Amino acid sequence: MTELAAGPRAPEVEQTVLGQMIAFDLYAAFYAGGLRGEDFFSLHDRMIFQALETLDEQGCSADERMVTHLLIERGQWLEVGGPYLGRLTSGIPRPAATNIAAQVAHLKRLASARSVLAVGLELGRELAENPSGVTPELLDGHLSVLDKLHTSRDRDRDPLNAAAQWAVLLEELARDRLRKIYLGLGPLDEAIGGVRPGEVLGIMARPGIGKTLFLCNIARAVADGDVRHVIFSLEMPAAQIVERLARIASGYGRYDFRDAIESGVIDGVVYQRIYDRLTVVDSPGLSVTQMSAIVRRLARETPVDLV
């Protein structure tokens, strides 16, 4: 914790949240919103949250008296400090549901940022001790930790009542309007309703059936929609991918295409205009973690919509 002393944190938000949970018995509401003990930076605040968690599991009222009793029982009272616990509930306002959600989201973002910082510090230590020790295995290990952090926000989903179900539907519709991508293949788009953020669509077939050509047709279709997309080819060289894309864009068949290029009928201007938002990566043997890292690097310049 000492190395993260300068890490991102919001002590006033942590204290406000704990005070609201104690003053208005709102532990369940904050927990349902996704708040967990590891989201607190302060060790004292984590102790208080864990006490609230235990009281909730026991079916007890989580007021200041009960929290104090449990902290004394655990030998944590002197470490937390009685005056500190008393100040948490002094003049604290009762939060609306939207405020609870906003405070939880803020604390979780800061917790994720601290975890990323911890990964960076650990990697820095390892490189300082062994500057020549940068191996794919070392980087993959750290990248896998970051991937877990990225996906961990969805691990604690709670049952939804009717109001929450409707709210989830409205959120999904709003996301669809902004970010759903149609693949340009009518029957497929009709069957799956387009591809949403975070979804994975798998295409399986025997070698030589035309999976790559199928994906190139999708790349051509989404290019008209101003979609930033990336093609990873772990086997086929980039030149062969580009040839398929160019044939689709020009309308030439396999045998006429090269003659059209050599005779000057086709040049690269039209291709570059159509596929200016496409990136092709043809590095063999990339792991999923390595591909994720490449996408994140590309996204620093312009958000990536489809891989």
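**Helix packing and buried cores in a predicted model**

V230 is buried, with a relative accessible area of 3% (buried is under 20%, exposed over 50% and partly exposed in between, using a 1.4 Å probe and protein chains only). The structure is a predicted model, where local features need pLDDT of at least 70 and side-chain atom pairs count only at pLDDT 80 or more, while totals for chains, interfaces and linings use all residues. Residues are numbered from 1 along each chain as its sequence is written, and side-chain values use heavy atoms, with hydrogens and water left out.

V230 sits in strand 1, which spans residues 229-232 (strands are DSSP runs of E with at least two residues, helices are runs of H or I with at least four, and both are numbered from the N terminus). Setting aside neighbours within four places in sequence, V230 is in contact with L278, T279, V281, L298, V304, L306 and V307 (contact means heavy atoms within 4.5 Å). V230 and V295 are 65 residues apart in sequence, yet their C-alpha atoms are 8.0 Å apart in space.

On the scale of the whole chain, there are 15 helices and two strands. Of the 307 residues, 31% are buried. Among contacts with a separation of 6 or more, 68% link residues 24 or more positions apart.

Now for the nonpolar packing. The largest nonpolar core has 30 residues, and M21, L35, I48, L52 and V67 touch the most other members (such a core is a set of buried Ala, Val, Leu, Ile, Met, Phe, Trp, Tyr and Cys residues joined through side-chain atoms within 4.5 Å). At least two residues of this core come from each of helix 1, helix 2 (27-32), helix 3, helix 4 (64-73), helix 6 (82-88) and helix 7 (97-129). Helix 3 gives the largest share, six residues. Apart from this core lies another, of nine residues, including A219, A223, I241 and L245. In soluble globular proteins, nonpolar side chains tend to be buried together.

Helix 4 has M66, V67, T68, L70 and L71 as its buried residues, and these pack against helix 1, helix 3, helix 5 (77-80) and helix 6. Leaving out residues up to four places away in sequence, V67 touches I22, I48, A51, L52, L55, A62 and L85. Just after helix 4, G75 takes a positive phi of about 75°.

Helix 1 (residues 11-24) packs on helix 3 (residues 43-57) at about 25°, with axes 11 Å apart (axes are lines fitted to C-alpha atoms, for helices over the stretch in contact, and angles run from 0 to 180 degrees between N-to-C directions). That makes the two helices roughly parallel (under 35 degrees; over 145 is roughly antiparallel, 65 to 115 roughly perpendicular and the rest oblique). On the helix 1 side, E14, L18, M21 and I22 meet D45, I48, F49 and L52 of helix 3. By class, this contact has six nonpolar, no polar and two charged residues (Ala, Val, Leu, Ile, Met, Phe, Trp, Tyr, Cys and Pro count as nonpolar, Asp, Glu, Lys and Arg as charged, and the others, Gly among them, as polar).

Helix 1 also meets helix 7, where the axes come within 10 Å and cross at roughly 135°. That makes helix 1 oblique to helix 7. The contact is made by V13, E14, T16, V17 and Q20 of helix 1 with Q103, H106 and L107 of helix 7. Its residues divide into three nonpolar, four polar and one charged.
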